[in-house]
Structure formats: structure tokens, C-alpha cells
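Hello,

Here is the structure I said I would pass on. My notes on it follow below.

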Amino acid sequence: YRFVNWSGPITTTSANPTFVVMSFSETVTANFEPVTNPVTGTWSVMQIATNATGLGINSYGEIAGQGGGSPFLWVPVAANSVAGTLTNLSGSTTLPAAVAVNDYGQVLFSEVSYQMTAASLWTPTVAQGTVGTTTVISTAYQCCSLATDTLNNFGQVGAYINGSPAIWTPAVANGTTGTVTPNAQLQGLTAMNGFGQAIVNGNAPLLFTPLTSNGTVGTFTAI
């Protein structure tokens, strides 16, 4: 169901939340309507947060972002549903932004400012879960340039890690422990797919291709 409007002594019936001045007994009703799958060629629109930035979305329909200075994760009730629940993840990290979510439901937190970068990875206990654990990937560190943090479906993180461009690779798919592989050629890493291929160096882009799936040794191809 989705909220439609209020009935009763309300000045603005569509505002949500709203306020009621009580001078004597009043009855106010919140009206809802069923949310159904949209007919082909039409859209369903659902507001999940206000003043949100840095949004990322996965194939299941989960959305990660920052709202009101806190990272959040919105999880649909079923795959690609228009109804879901919003979980505040500020208790899982000290970093302000959730910048990416992969298909397992792992969320990448980041804080990037001038010459400082930090990243953490939150992993749900089960796929698309709302309870999980946080792994620190990179602490705030003086570095030479800004970084764009990326996350793929294996759970690999590409970031500026403790002063060097690097890839963090979990011990197993979507695991909570892993190893850091620094490589100066990964400077400017901006995107990484599920195989572990990565785009680096935006001015003269290169494609990094690992020798094996999600490996850390590979070749660089000018594109």
C-alpha cells in the first residue's frame, strides 16, 4: 500500500508527515491505496527518501545512498518491487555516504575529500538482508588525488586504499575478509564489472583485464 492523503481537519491533506493542532477531540485518517504492478507502458513512482545523494542501484532493485547526512539502504519486498523498507546504516559506519550496492546487497561506504579518502564495505548476513557486518577497506589517508570508489558483484572494491590506487578482493565471493593489491596503473579507476575488468585513467582510458576471473594480475589495454 502507499499513502494517498489525509482526511480530517488538516490544512494540507497531501503533506506527509503532517501536524494537527489539538484544541478538542479530532479524528484524522491516513488514506492508503494498494500498490499494484504497473500496466505495460505506464510507470509507478515511489518516494524512498528526501534530500538523497550518491544513489546506487542493483539488479534486485536495492538502492543505496545518503540522506540527511546518513547512509541508507532501501530494500524492495520482492525483486524489483515498487514497495520496500528503508534502513538507516549510520550505525554500521562512521562514513557519511553509501555510494554503491551490488547484486548480493553489499554496500560500499565512502568519504572522499581533498587529499583524503576512506572506504568501508557492509555485507548483509544473507543476500538482500538488512543486518550485516562492516569491513574497513581504507582508513582516511593523505593521498595525491581524489578517488572514485567502485564495487562489483563479486565484492571487489576498487579505491585509493591507504595511499595507493588498489583493488580489494574478498577471500570468497561477497566475503568480509580479503586482500589489498596496490598497483600504480590503477590510478583513476572509475568502473569495474563482475569479472574484475576495470576502466582506469579517465583522460586516456585503459581497460584492465585480469588473467582469471576476479584476479589481481592482468593486462592493460588502451581504449
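In these notes, a contact means heavy atoms within 4.5 Å. The model is predicted, so local features need pLDDT of at least 70 and side-chain atom pairs count only at pLDDT 80 or more, while totals for chains, interfaces and linings use all residues. Residues are numbered from 1 along each chain as its sequence is written, and side-chain values use heavy atoms, with hydrogens and water left out.

Ser 120 sits in strand β9 (residues 116-124); strands (E, at least two residues) and helices (H or I, at least four) are DSSP runs, numbered from the N terminus. With a relative accessible area of 6%, Ser 120 is buried, where buried means under 20%, exposed over 50%, and partly exposed in between (1.4 Å probe, protein chains only). Leaving out residues up to four places away in sequence, Ser 120 touches Thr 93, Leu 95, Val 107, Leu 108, Phe 109, Thr 134, Thr 135, Val 136 and Ile 137.

Ala 98 belongs to strand β7 (residues 97-101) and is buried at 0% relative accessible area. Its contacts, again not counting residues up to four places away in sequence, include Gly 54, Ala 64, Gln 66, Pro 71 and Phe 109. Ala 64 is 34 residues from Ala 98 along the chain, and their C-alpha atoms are separated by 5.6 Å.

Strand pairing

Two strands pair if DSSP finds at least two bridges between them. Strands β3 (residues 52-57) and β4 (residues 63-67) are antiparallel and share four bridges. Thr 53 has Gln 66 in β4 as its bridge partner. The two strands, β3 and β4, form a hairpin with five residues between them, and Gly 61 in the turn has a positive phi of about 105°.

Further along, there is an open sheet of four strands in the order β15-β16-β17-β18, with antiparallel pairing. Its edge strands, each pairing on one side only, are β15 (191-192) and β18 (218-222). Strand β15 is joined to β16 (residues 198-200) by two bridges, and Ala 191 stands opposite Ile 199 in β16.

Surface

Which part of the chain holds Val 20? Val 20 is in the loop between β1 (2-7) and β2 (29-33), and at 32% relative accessibility it counts as partly exposed.

Regards
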